[in-house]
Amino acid sequence: MKESDPMDRLTYYVDHGDGRYEPLLAYRGHDAGIDEMYARQLCTYLIAGSAQYELISNEMSDGEEILLVRPTGSNEPYENEVNYRGRGIHVEFRKPNERGRLLAAMPYRTHYEVIRLLLKDIVQVPEHGSMLTTSTEVDEDRGCYVIYVRRMDEA
């Protein structure tokens, strides 16, 4: 039995729904790092080039991780968005049912720490306590992750 190849690249492909797949973004292991590539695979949405994409399939082929995404429309920015590019790794916690109200924005030292959050159904939001994760997003345009949450007693 052949040992699986280590992950050395991750590519987002846009699924146009008619059998056509177009490359959107690509990362090499030496550019992004394995932890960042895993964190990206855990996000249900991607924001890139002012457009929003939904993850529809997460696949692997030899050393390549393949994320198939479907466009869902243009990204409508929230009024209080911050660009984190060049400022390290950041996670925002937002309420989608309240026009994306920002609850907290936290810096993290590593993508490994972010993976821990992205894996959870319930997260601890600073100054808000335990909240249920409704979806997760990597915002390529702003250089951050967004975890959308709701209170445990909300429908």
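In strand β5, the bridge partner of R9 is E64. The structure is a predicted model, in which local features need pLDDT of at least 70, side-chain atom pairs count only at pLDDT 80 or more, and totals for chains, interfaces and linings use all residues. Residues are numbered from 1 along each chain as its sequence is written, and side-chain values use heavy atoms, with hydrogens and water left out. Helices (H or I, at least four residues) and strands (E, at least two) are DSSP runs, numbered from the N terminus. Two strands pair if DSSP finds at least two bridges between them.

Strand β1 covers residues 9-15. Strand β5 covers residues 64-74 and runs parallel to β1. Six bridges join the two. On β1 there is also a pairing with strand β2 (residues 21-28). This pairing is antiparallel and has seven bridges. R9 takes part here too, with R28 as its bridge partner in β2. Five residues lie between the strands in the hairpin of β1 and β2. Among them, G17 takes a positive phi near 85°. Burial is judged by relative accessible area: buried means under 20%, exposed over 50%, and partly exposed in between (1.4 Å probe, protein chains only). Five of the seven residues of β1 are buried, so the strand is largely enclosed by the rest of the structure.

Strand β9 (residues 129-139) pairs with strand β3 (residues 45-48) in the parallel sense. Three bridges connect β3 and β9. I47 stands opposite D139 of β9. Strand β8 (residues 122-125) runs antiparallel to β9, and four bridges join them. Q124 has S130 as its bridge partner in β9. The hairpin of β8 and β9 has three residues between the strands, and E127 takes a positive phi near 65°. S130 lies in β9 and is partly exposed, with a relative accessible area of 37%. The C-alpha atoms of S130 and E22 are separated by 39 Å, and the two residues are 108 residues apart along the chain.

The pairing of β9 with strand β10 (residues 144-150) is antiparallel and counts seven bridges. T136 stands opposite I147 of β10. These two strands form a hairpin with four residues between them. In its turn, G143 has a positive phi of about 70°. E140 is found in the loop between β9 and β10. With a relative accessible area of 16%, E140 is buried. Its side chain makes a polar contact with the side chain of Y27, at 2.6 Å. A polar contact is a pair of N or O atoms within 3.5 Å; within protein, one must be able to donate a hydrogen and the other to accept it, and residues adjacent in sequence count only if both atoms are side-chain atoms.

Pockets and cavities were located on a 1 Å grid over the protein atoms alone. A cavity is a set of points where a 1.4 Å probe fits but cannot get out, whereas a pocket is an open set with protein on both sides within 12 Å along at least five of seven lines. Lining residues have an atom within 4 Å of a point. Grid points are joined across faces, edges and corners, and a volume is the space filled by probe spheres set on the points.

The largest pocket has a volume of about 220 Å³. Its lining comprises 16 residues, and E36, R85, H111, G143 and C144 are the closest to its centre. Two or more lining residues come from each of α2 (34-41), β6 (89-95), β9 and β10. By class, the lining has six nonpolar, five polar and five charged residues. Ala, Val, Leu, Ile, Met, Phe, Trp, Tyr, Cys and Pro count as nonpolar, Asp, Glu, Lys and Arg as charged, and the others, Gly among them, as polar.

One cavity of 30 Å³ or more was found. The largest cavity has a volume of about 40 Å³. Y12, R40, C43, T44, Y45, L46, L55, V69 and V138 line it. Seven of these lining residues are nonpolar, one is polar and one is charged.

A disulfide is a pair of cysteine sulfur atoms within 2.5 Å. By this rule there are zero disulfides. C43 is in no disulfide; the nearest cysteine sulfur is that of C144, 9.9 Å away. C43 is buried, with a relative accessible area of 3%. C144 also counts as buried, at 2% relative accessibility.
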